Amino acid sequence: MTDHTDGTGPSDPAHPAHSTHLADFSDPSALSALEADLRARLRGDVRFDATARALMTMDASNYRRVPAGVVAPRDAEDVAAALEVCRARGVPVVARGGGTSIAGQATGTGVVLDFTRHMDRLVELDPGTRTAVVQPGLVLDALQRAAAPHGLRFGPDPSTHSRCTLGGMIGNNSCGSHSVAWGTTADNIAELEVLTARGGQLRLGPGWAGAPEGLRELAQGETARLRTGFPDLPRRISGYALDALLPERGADVARSFCGSEGTLGILTEAVVRLVEAPPARALAVLGYGDESAAAEAAAGLLPHGPLTVEGMACDLVPAGTGLPRGGAWLFVETGGGSPAEARAHAEEIVRAADVVDALVVTEPAAQRTLWRIREDASGTATRMPDGSEAWPGWEDCAVPPARLGAYLRDFRALLSSHGLRGTPYGHFGDGCIHVRIDFDLLTPPGIGRFRRFSEELADLVVAHGGSLSGEHGDGQARAELLPRMYGAETVRLFERAKALWDPDDLLNPGMLVRPAPLDGNLRFSVLPAGPVDVAFGYPADGGDFRAAVRRCVGVAKCRTTSADGPAVMCPSFRATGEEEHSTRGRARLLHEMLAGELITDGWRSTEVRDALDLCLACKGCRTDCPVGVDMATYKAEFLHHHYADRRRPAAHHSMGRLPEWLRWTARTRTAPLLNALAAVPPLAAAAKRLAGIAPERRLPRLAPRTFTGWWRRRKPAPAQGTGDLVVLWPDTFTEHLSPSVGRAAVRVLEAAGLRVTLPPTRPPRRPPALNPTAAGPTAPISPALSPPASSSPAAAPRPPAPRPPTPQPSTPRTPPSQSPAPRPSPPWPPPFPSSPPAVPASAAV
């Protein structure tokens, strides 16, 4: 737990200590007994290995908690059995969906229930009643795809819609960009099937349906407080929604349960309401001078009935996006029975708005392109314009929409007074602002400033009549500050309600009531204090491998199961559905490797090696990930150290040196001979066994003529020399295996009026040697693949198209003449080579 630099601490009344449990996970025998008991009682997956636990230590927040184990239940009976076992042993339980929560509520120290593995079904969809029955692990986009043929959809749609789950949305009461039209998740819930920590099976709904014993009496005894103590906001997500139990609101227990962050019960099934999707849509992009002007205008557009009123400033918009002139924009979507009607509605809004410039887009593909800019903001906002790091923590405060402009001005002033920076964006029409702030969460002074800023910002939000959370929940990030919003008596009412649902405090302890301190359990505190010796340069991360690993903030765009436009991330996750084979999962394992608590053998880790094994090094994450995680480079770095002075697998030599082998095949014109030999089954089997290739795979046929061979002999196109010059760089596969792809690319480019050329190439100076016994770093390297000669590790190959260099992230705002106070931290786990040797060929490839 982090010390508080302002003299306060968790023992003070303002910082109540979170609840504790009797279970002692420092004893391996206790963990083994818990695992055995769960395996005996459940049909689902039970994993207590280091990999499974490491993958669940974090969500998309600043926090980290190490679980005892992970359970993927197959059905509600499994959930009930897991609760019974954990209750008997005093083990906390945390329900988890896509793991994209931003306040820390999807992490826990006990057993994590992962609903994405098996309880992810769409049980029923009834177009007549416009309802659907879903399991908690169902991804929102899967429901949308099933509802679309009926002209229906689920109204709320967070920017993580391609990987967030319905259970997580209910737990957080998520909203999304269309909430101005269709409300929050709670507004779209009919009934909920819930298991309590003591095994009660409840079906929650209006009219006190499913209320646990004592809840009705509690609410009826506090009606005055319920009517006056809760801000009237479209986006009030903080705290428990006990005001939904008022008689004038239908005494709706299901609605009251939404947003409880897994602290009251475990959801096993939900009946959700669907809305009619407009047949056609248009998008009006309105340009304003700055974000305050856009915020002031947002509330005035609501009477026109838009589907969205989303805002963002130029700091988050990449160049060349085709947006209208301005320093900030509102994305206002309209619907209609036809494209003409939707466009007319959008043009009406443009005429009503006082804008610098405007653009109306009706083509669906163009609209999706613009929406991706907004949806990626949760990732792109984690880097400031100069490349320095920014973090969540105050991600989604909400104020009355009419006060949003004034609130943003005061918010900017507060940032400046603390020497902090952030770029607000979000749901301007609902008064909800997202922002990542360049907190220093690595040093004690920086963490002290984080606490002071948080307390002052909470007071500012309350002064504007707002809610500390307007979408993502309180979790650990804001629950400690709820007394500032609601007052001590209402917070005690929350505690009494929690005791009725979960008297043993078994479910997600430390969240919402009796919370953990907002500056405790920070995920950065376990990383090494000093830089890690590496071979690659990491110029976009100040040469710091720790900062490179910190890039992954957990938004999980890599967990999508289908392609979205040109995106390819992450092919291995799409094939297996396993978190460890996603970009985020691998980044989490690298983080835990650096931490040394769960993964203790450093670069020699078999857990990290196995997770990276299916990484194709395709660099899809380098372009698709909103924060530019470059797992291909991290994989090369890891393998370089992992196999230092050790025998490498045969596949590393056969595949890592594939470009060299194929160049020599082309030079000796032996492709037809090799194709003939590969067609003989015994010879093909022997070759695959020698090269470390799976026997199920077919050996690809080599092209009789390479792409560059075709290029040298072809006749230039008639229009050659009239357009811009394009350099077409053929990779190994285009060159030797599929030259037809390169030829097609040339035809397309020349048909577009462009001049095409190829880069200069260097022939190999000697044939490669396949030596499976050679140590990785000392294996011979082709001159064409070798890094520049230098004794400095920074001279090793860099990732392509680096972002601007950033200062060392551990001291982001410390003048050069000063040094931050030393921070206790675990040593980097051994082993390290004494000095980083040259990068092996497979890493360079």
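Author: A residue is called exposed when its relative accessible area is over 50%, and buried when that value is under 20%. The model discussed here is predicted. With these terms, consider helix 28, which spans residues 681-691. Its buried residues are A684, K688 and A691. They lie on the same side of helix 28, because they cover an arc of only 75 degrees around the axis. The face turned away from that buried side carries the exposed residues P682, R689 and L690. What covers the buried residues of helix 28 includes helix 25 (650-656) and helix 27 (671-678).

Although K688 is buried, it has no salt bridge. The nearest side chain of opposite charge belongs to E696, and it is 7.6 Å away. A salt bridge requires a side-chain nitrogen of Lys or Arg within 4 Å of a carboxyl oxygen of Asp or Glu. A polar atom of the K688 side chain does, however, lie 3.1 Å from the backbone oxygen of P695. P695 is also one of the residues in contact with K688 once its neighbours within four places in sequence are left aside; the others are I693, A694, R697 and L699.

Methods. Residues are numbered from 1 along each chain as its sequence is written. This is a predicted model: local features need pLDDT of at least 70, side-chain atom pairs count only at pLDDT 80 or more; totals for chains, interfaces and linings use all residues. Side-chain values use heavy atoms; hydrogens and water are left out. Helices (H or I, at least four residues) and strands (E, at least two) are DSSP runs, numbered from the N terminus. Buried means under 20% relative accessible area, exposed over 50%, partly exposed in between (1.4 Å probe, protein chains only). Lys and Arg count as positive and Asp and Glu as negative; His and the chain ends are not counted. A polar contact is a pair of N or O atoms within 3.5 Å; within protein, one must be able to donate a hydrogen and the other to accept it, and residues adjacent in sequence count only if both atoms are side-chain atoms. Contact means heavy atoms within 4.5 Å. The arc is that of the directions from the helix axis to the C-beta atoms.
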